[in-house]
Amino acid sequence: MDLATKQSGGTVTVTVEQNRIDSAAAVTFKDAVKAAALDAKDRVLLDLGAVDFVDSSGLGAIIAVMKTLPNGIRLDLASLRPPVEKVFKLTRMDSVFRIYPDLATAQADITK
Amino acid sequence: MTQTVGDIRLSCLSTEHGVRALLERLMPMLPDWGIGNDDAMTVELVLAETLNNIAEHAFPTQDDALIAVHLWASGDQFYVAVQDDGRAMPGLTLPKGRLPDHTVAREDLPEGGFGWFLIRSQTDRLEYRRDTSRNHLSYSIRLSRPAQPVRDCCCDTQSNALR
């Protein structure tokens with residue numbers, strides 16, 4: 001799983017650098033993001049701007065990552081492309097995550 | 001008379017990578033059927049859920065089985081028919097596919113159970129039957145605009161001249 005990680009303050013930004021989080025990629029995605037998130041103090045910001053396909057396994061992997069974060073650390077999402085946004089809306093998971101239109105908006109929002 | 005558009009038969013290995021390869025072959029064809037981006041993403045999602053379910057549950061221990069997919073469009077309907085010789089659906093019925101509850105504590109959030117919800121919520125005419133040793137699953141997806149061939153598959157000189 002190709003990820004790029006950047007730390008700034010308490011936030012670790014994880015940019016997914018491949019275009020599918022599907023059934024074939026879900027497990028490696030989950031493990032890689034979990035490992036990348038270890039240094040986060042407040043939140044993990046998952047940048048999905050390069051991802052144009054997420055299926056139910058990919059969605060499950062994103063939810064699984066959130067559930068493994070220590071209490072007090074959020075998983076926020078940014079830059080969802082239309083096919084990915086659709087899956088979050090249909091499953092109502094758009095009400096579970098904070099979803100930002102782009103990274104700049106996400107980084108500017110420092111509300112707890 | 002409504003024209004049938006597409007009408008192709010593809011198959012994939014009963015693995016997650018086999019499913020991905022089939023989708024990567026199919027998706028570039030859909031613009032030529034006059035299918036727009038919004039509809040194409042519904043088709044890709046629903047097919048992914050369908051085929052991954054078969055790979056996982058009909059062939060839990062078999063990586064070299066084939067799943068056969070027949071796809072066509074007619075008017076504002078996209079039709080999918082899938083066959084495999086794997087295990088039968090438990091009870092010979094399709095899962096209900098209720099949306100898992102999301103209004104729960106973070107540690108109790110569902111990590112699965114979305115697949116059949118996504119299939120059921122995006123399809124019509126959903127049917128499953130088992131004959132002897134074969135599973136037959138079919139459904140249709142409503143398109144936001146009717147499918148129509150954007151160009152001829154055979155590209156003969158006459159139709160090129162007319163374009």
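**Inside a two-chain predicted model**

What covers the buried residues of helix 1 of chain B includes strand 3 (20–21) of chain A, along with strand 1 (4–13) and helix 2 of chain B. Here a residue is buried if 20 or more other C-beta atoms lie within 10 Å of its own, exposed if 12 or fewer and partly exposed in between, with C-beta atoms placed from the backbone. Helices (H or I, at least four residues) and strands (E, at least two) are DSSP runs, numbered from the N terminus. Helix 1 of chain B takes in residues 16–26, and its buried residues are B:Glu16, B:Gly18, B:Val19, B:Arg20 and B:Leu23.

This is a predicted model, so local features need pLDDT of at least 70 and side-chain atom pairs count only at pLDDT 80 or more, while totals for chains, interfaces and linings use all residues. Residues are numbered from 1 along each chain as its sequence is written, and chains are lettered from A and ligands numbered from 1 in the order in which they are written. The model scores ipTM 0.94 and pTM 0.92.

Back to chain B, and its helix 2. This helix covers residues 37–58, and its end C-alpha atoms are 31 Å apart, which agrees with the 32 Å that its 22 residues should span at 1.5 Å a residue (the expected span is 1.5 Å times one less than the number of residues). Of those 22 residues, 17 are buried, so helix 2 of chain B is largely enclosed by the rest of the structure.

For pLDDT, the predictor's confidence in each residue from 0 to 100, chain B averages 92, and 91% of its residues score at least 70. Residues 155–163 of chain B, though, have a pLDDT below 50, and beyond near neighbours in sequence this stretch has two contacts in the model. Two residues are in contact if their C-beta atoms, placed from the backbone, lie within 7 Å. Where pLDDT is low, the predicted coordinates should not be read in detail.

Now for chain A. Its elements run β-β-β-α-β-β-α-β-α-β-α from the N terminus on. Of its 112 residues, 46% count as buried. Chain A also holds an open sheet of five strands in the order 1-2-4-6-7, with mixed pairing; two strands pair if DSSP finds at least two bridges between them. Strand 1 (3–8) and strand 7 (99–100) of chain A are the edge strands, each pairing on one side only. Strand 2 (residues 11–16) and strand 4 (residues 43–47) of chain A run parallel, joined by five bridges, and A:Thr13 stands opposite A:Leu45 in strand 4.
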